[in-house]
Structures are given as structure tokens and as C-alpha cells.
Amino acid sequence: MSKPLSFHHRMGHNITLMSGILCMTCLTCNSMVAFAQPQTWQPREWPILKHYDAHHLKEVALPLGGIGTGTVSLGGRGELRDWEIMNIPARKFSTITDGNDAPFFSIYVKSDDENPTSKLLAGPMYADEYLHYEGRPVNHYGMPRFAEASFDAAYPFGQVNLSDSAMPVKVRIKGFNPLIPADEEGSGLPVAILSYEVTNVSDKPLEVAVCGNIRNFIGKDGSQGRTDWKGDFIPEGAKLNKNNFVVDEQLGLHGIVFTSDGVDSLSTAWGNMCLATDANATITYRTFSADNNWNVSILDFWDDFSADGMVENPTPSIRKSIGHDQDPMASLCVKQTLQRGETKAYNFYLTWNFPNRKAWSKTIVGNWYSTQHPDAWQTARMIAQNVANYEQQTLLFVNALLDSSYPDEIKEAALFNLNVLRSQTVFRIKSGHMLGWEGVMDRFGSCQGSCTHVWNYEVATPFLFGNLAKTMRQVETEYALHDDGAMAFRVSLPLTRPDPNHNVAADGQMGCVMKLYREWQLSGDNVFLQNHWQACKNMLAYAWTEHGWDGNCDGVMEGSQHNTMDVNYFGPNPQMGFWYMGALRAAEEMAHAMHDKAFAKKCRHLFEVGSRWMDDNLFNGEYYEHKITDPKTFEFLKPDSPDIPPYQLGKGCLVDQLVGQYMAHICGLGYLGNPAHVRTTLESIMHYNYLSDFSQHFNNMRSYVIGNESGLLMASWPKGRLEVPFPYFSESMTGFEYTAAVGMIYEGMEADGLRCIKAIRDRFDGAKRNPFSEPECGHHYARSMASWAAVLAYSGFHYSAIDERMTFANRPGLWFWSNGYAWGTVSISNHGAKLSVLKGQLALKTLTIGGHQSHRKITLDAGESQSLNW
């Protein structure tokens, strides 16, 4: 077994210095042990928003990775799962095979007078995981596990608590990736940061080793396996997946670098990885393994590690009799002595670069992060030097939100759904533009093209990462918009010209007008508006083309309107109508800024007549309904007409009929319809659409709410249902529910809004569903980030960088705020307020809190504050 360097083979070392990195290999046993000067990161105490007990862990999978980098997830019991770092989704895919050789961490514990114990660093299996036709039910089925496990979370921080009465230690596995609003680069690092905090709970000193073990799975992304070799032995001269041990003595960093000479360098699964540790301790390692026929590879490792808590490469006799493994497993082991009651951290940094993303393109579009971090070992070095600062900045954000006075259900919904930005749903191509699927299936993306009518709903990106939101607007106006103003609601890749085969969506296109306004207001970037103004006019004017959505320019959408229900509505309806009203209001304001008086006047006129018409003709006393027209003649059809086309809304009470009003409130554009009608509509949605128990609800489509769970239906039918309504009418989906709930909060119906939000989050309890993925058409669905709007609504926050004006409701408490470029808190009392900036810079002329105003031009930098007394 490996020994400390002072006892190693002194005369047989091959020492290589490459780019300042010392690599030492023992020629006798092909192994090395090294000691380094202390550079160890000491993790701080992390906050806890949600605790998941032993009965609520099975579905927990917290994604660890940056924006656009892919992720690996920390499971509720400590397992690493869902390895999605190779440009495609891979839910429940654990690299090589699902079995004992999937990536894992293990622990060795020994006191002076007792036999050593080794275990998998994971909690127990559930009873329903025992059965399998071949005795291989889950990953690591044959390894001893800890008896007790629980999980604590405050995204992006996840903590697994492991204990066992048979073990003299308890372990807390801490995992995170930097998440810092207004810093898209610091939040876009390809790394999973893991710290295994081990506490000696015995009355004796203990030798404790923690070992990370990963097969070199480069080339295997879950879609297909490598087929380079057959049989037990690798042919002479074959190109291998290789693992190399590297050291940075100055940083005290040791690592295993994973590369491949055999995978096509243009493959989406080609790249490099690194597992590194900054521990000031005894470091041993393996860089290859015996062939895994009959699971000999894992047996050889377990015997080696369990003997003394150190590892070395397989012996020559093993290699000669069994052969090498074609995808060799590497191990990086850290061994320390823990005194009675002592806690020590074993830190590991998993970094990667897989540059060849294709997404929905037939050619490589690349990854932005790969241009910034091409070498996984160099990334690990950078992370090790800056991890304490990344942790501090992330804690500053998370604690600022958690210390705020928002109800816990708002904090959880807003914070936990930020996982979408780090999932394979979202990516940044080589140019830096951010794009996204609607969500992701287990093995492929769901619904390509940064779909406008889905991404319209989310507000986390603009209010936390404004620069990224602006790149999405650029994609929409420059690469999805045709010369005639028609916008493809799914953009093609690579970014060239809009795809003529892609349809237009009325809600998607009108929402893009409102989003341009929002990004202009939040950024204060007049050049951004100037560059996109003509495109904005073309987008809106497309509605006025002959036989278009408002071809007769009467302010009413009445043409064929493709929309987020994946059908075409015929005739005036509130969902499209309020998006249109919001677009007219946003365009009016932008036209004034551009001194385009004629366009502003036209938008104002159409808004006024259209808004009035909707209140007079669509509001039925309880909610707004859909007046169905003949697709060819545009004439209104009677409710019992045999000519009514299929898949319409009709007299249904739609959950998100006020989505345009939702966005107007967020943008500060005021009411789009009669305020009394708006509130009455939301009261009706709560009355008719909310079910406290779904066990008696029939649903012919997809079921996202089941049994005795609660939620909002997509549509209810108090006045009679169409024979064939729009397809999703009987479903319940979180992004739509958040839209209605946020609308309720804006209208003072806080108890109802919070009840709806709590109902959603109660469904994602770790046992039935993953708290870090709200699905719709795929996991990590983009629309779920509408949950961030609850933060805006509950605090009454609004900011205009154009006017340098910030507004809050006069609600006593501490409130987190963010405008996408700066963030902080405001503390409001009965006597005044204190506005603080924690990151970025804030320019302000007017601060309004309820009926109180302060008119004073100030600029606040991070760490500065301003008080207002009344």
C-alpha cells in the first residue's frame, strides 16, 4: 500500500514540470504520495431554508454547476447523480453503467485499537429500491451505507447529514456552485464544489480518509457508449481515456485530470475533467484500474482503500492477469487524523470543459464557458484560489433573501427555481448569447428555440442577470424577426437568419415587446433601445397587417392567434388581448423616448379603445372569456354553433387570462383593464380553479398534481365546457399557477396568492418530486421562474434606471431587491427606511415607499446605504 513520501521509493521517481505544475510518478509502483503547504478552504456555516427528513430524500437532486455549463446533482442521500456536464440532459444517468462503479465518494475510519471501517458516503436505500431482476437495483447497491440521512437546503447550498450508530463519525456533505446576481461570469463556472465535513464523535483519535472515485467517462454522455474495444484486453496502440495526477505545490492543490485520445474531438461528449483537493493532508491516488470483468475493478479498489485508507494503482500482477479497464477509474484520497470531538473538512473541486455543444443545431455552436475555462485543471486552480470569496458572495445573496421578511413559501419558490438557469435547459453559445429549451427530458432537450411564449413568463433572468436577459432580446430581434415583422417564436441555430418554417405566436411576439421595454428600463441603456426600436415597431405593426391579429386596427385581437397552449385561438380572448394591451403600452412609452410621436399616439389610441372593448365585451361579471369567431370570416359564432373549431377556450375561466396584466405590473405600466374587473377575475380564478384535493379530478392529459394534492387548474368551466377545449385545460402547471398567484398578491389578495404558492411547493417535497425541478414539458421548466415575480409583488418593488426611480410598498420589514445589475435590501419601519446596496452600483433620484418620497440624486456603491425618514 502507499506510504508517506519519506518512506517511498526514494530513487525511482519521474519528475515532470509542465506549466509550473509538478508531476511526480514513482517508477517502481507507478504511484505517488505528496504533502503540501496549507491552502485549505474552510467552509462557513451555511443557511437552511428547508429540511428534508429521511422519508423525503429519494427525489432530491440539487444541481451543482454554473449558468450554461451543465451540472452534476447532489442527491438527498449524498450520492452524485444526473451527470449532465456533456451538453445533453442525463437524468439519473451515472456515466458508465448504473452499478457499483458509478462515481462515488467513500470514507475510511480507524482508531488505534479497533478494526477499520469503510463505507459509501451515502444514506440508506429505500425499500422500493431493493428489487431488481439481476440484483443491481440502484447505483452502489453492494456498498455499506450510512444508516441515517437528511438533507438541508437553501439553494444553491445543499447539505447532506449522515450518521450511523456503528460509526464513530458523523458527516456533513456540503455542495454548492457560486450564484451571485449581477455577476454572470462568477455564476457561470463549470464546477461542483464539495466539502465533506467529518466530525469525530468518539472519545478516541481517529484516522479518517475520504476518497473520490470517478471513471473516465469522456465519450459517454448517456446517449450511447464507446465501442472502441472488445474483449478483456485493450489492443496495443489503442487510443485511451487517460487519467493523470497533477500537483500545484504553491497552492497545495492535488488533482486527477481526465482526458481522452480516443474520442472524436468534435464529439459533444469530448472534453476534459478534473477532480482536485486542497487538503493539507496525506494525499494518495489511483490513475487507472483493472478491467472490470466480474466487477474486479471495484473489488480491487475496495480492498486497497479499506486496508489503510490510502490507495495506489493496481499491482502488476493484477494488470497482467486481468488487464486494464478501457474507461479507467481514478481515485483521489485524503487522509487525516481527527482528535476527539474535532471536525475537519475534506474539500474537492470537480471541474470540466465539454466545448462542443450542438443543442438543436446540426453543427457545433459551442459554449461560452469553454472560451473562458478551456482547461479543467486550470479552472480547479482558479477555483481553489477564489473559493472563499465565491462562497462569501453567494452567502451574501442567499442570506440577504432569507433574512428578508418575505414568507417562506415565496423564498423557497423564488430561490429554488433558480436551478433552471444552471440546468441543461439553459446554455450560452460561444458568442455569449443565452438561449434555452423550454425544459429537458431525461435524455434530450424539450421544445427548442428559446420559445417566446414560454420564456415570456419568467422574470428571474432580467432581475438577477440583466446582461443575459439583454442577449436574449438581441437573439429575438436580430435572429428570429423577419423583415415583415413576423417573429419565429422558436429561434434557429446557428444564429443566422430566422427560419421561414417556424410559426409566429401572438402571445410570444407581444410579450417580446414588453420584455424589450423591461430590459431598457432596468438597464437604463438608451443605446439598447435605439438599436432595437425599429425591430420593436415591426413586431407590433405585424399585428396590423391585413387579416392579422388586429388587421382592422380596432385595438382588438381577433385573428388566428397561435399561443402557448400550442393551438390557435380564433377571436378575442383575454390571454392574447392583455398581452396586446401590454405591448401597446410598452411601445407607447418607448416611442416617447424615441421622440416618435406618431407611433406613440397610435399605440395610445389602440390601447384605449381595445382596453375598453375588452371590459365591455369579454368581462362576464366574474372573469374575462373568449368570444370565438369563424376562422375564415372572423364573424362571431354562437356558443352552440356546430362550426366552432376545436381546441378553444370559449367561456372557460383561464388560470393565466391576466398574464399581460401580470407583466404590466412587473414593468410598471399600470392597469390594462378596469382594476375592479382585474381583481374580480382573480377572485373567480381562486374560486373556480383552485382545488384543495385533486383525488376526484379527472384529467385526460398530463398529471402534475395527483391525489390529495392542491393546486390551480388551467381552466374551469362554471358556464359550460366546450366539447373539445384547448388540450391542457384539465392540467395544472406551476408557471401558470405562479402567474395567477402573483396577480393575486398585486391585487391585495395575499392570503390566496400565498396559499397557491405553498400548494405548489408542498408538492415538491423530496419524496414525490425533486424540490429543484418543477416540470411542465420537461424537467427544469423555464416557466417555473415566474416564481421570482412573487418577490417583486410582495415588496412592491419597481425600478427604472431611465428615470432613476425605485419604488416599494409601505410594508414594514426587511426586503431584498435586485434590478439585474445591482442588489441589496431595504429596511422599512413606521418612521422611515434604509436602502442598502450589497453589490453593484445604484443611481437614484427618487425613492418612493408607499406615500412617502425622497427626491435626492445619489449613487450608492456596494456597502453603502441611504436613509429616508418621515
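Predicted model: local features only at pLDDT ≥ 70, side-chain atom pairs only at ≥ 80, totals over all residues.
Helices here are DSSP runs of at least four residues, numbered from the N terminus.

Is R518 buried or exposed? Its relative accessibility is 3%, so R518 counts as buried. What does R518 touch, apart from its neighbours within four places in sequence? The contacts are E458, V459, P462, F463, R473, M663 and C667. Now take A122, which is 396 residues away from R518 along the chain. The C-alpha atoms of those two are separated by 45 Å.

One of the contacts of R518 is R473. R473 is among the buried residues of helix α8. So let's go there next.

Helix α8 runs over residues 466–479. Its 14 residues should span 20 Å at 1.5 Å a residue, and the end C-alpha atoms are 20 Å apart, so the two agree. The helix is mostly covered, with ten of the 14 residues buried. They are G466, L468, A469, K470, T471, M472, R473, V475, E476 and T477. What covers them? The cover includes helices α6, α7, α9 and α10. It also includes strands β20 and β21.

Next, helix pairs. Two packed helices are described by the angle between their axes and the distance between the axes.

Pair one is α5, residues 408–416, with α16, residues 750–763. The angle is about 55°, and the axes are 9 Å apart. That makes α5 oblique to α16. The crossing of α5 over α16 is left-handed. From α5, the contact uses E409, I410, E412, A413 and F416. From α16, it uses L754, I757, K758 and R761. By class, that contact has five nonpolar residues, four charged and no polar.

Stay with α16 for a moment. It has 14 residues. From first C-alpha to last it reaches 20 Å, close to the 20 Å expected. Which of its residues are buried? G753, L754, C756, I757, A759, I760, R761 and R763. Their cover includes α5, α14, α15 and α17, along with strands β27 and β28.

V659, Y662, H665 and I666 of α13 meet T739, V742 and Y746 of α15. Here the contact has five nonpolar residues, two polar and no charged.

Last, the backbone. Most residues other than glycine have a negative phi, and most peptide bonds are trans. Here are some exceptions.

A cis peptide bond joins Y155 and P156, with omega about 10°. P156 is in the loop between β9 and β10. The bond from L493 to P494 is cis as well, with omega near -5°. P494 is in the loop between α8 and α9.

Now for positive phi. H140, not a glycine, has a phi of about 60°. H140 lies in the loop between β8 and β9. At 5% relative accessibility, H140 counts as buried. A182 is not a glycine either, and its phi is about 70°. The loop between β11 and β12 holds A182. At 23% relative accessibility, A182 counts as partly exposed.

Conventions:
Residues numbered from 1 in each chain as written. Heavy atoms only, no water. Axes fitted to C-alpha atoms, helices over the stretch in contact; angles between N-to-C directions. Helix = DSSP H or I, 4+ residues; strand = E, 2+ residues; numbered from the N terminus. Parallel < 35°, antiparallel > 145°, perpendicular 65-115°, else oblique. Left-handed = near helix turned anticlockwise from the far one by under 90°. Contact = heavy atoms within 4.5 Å. Nonpolar A, V, L, I, M, F, W, Y, C, P; charged D, E, K, R; others polar. Buried < 20%, exposed > 50% of the residue type's maximum accessible area, 1.4 Å probe, protein only. Expected span 1.5 Å × (residues − 1).
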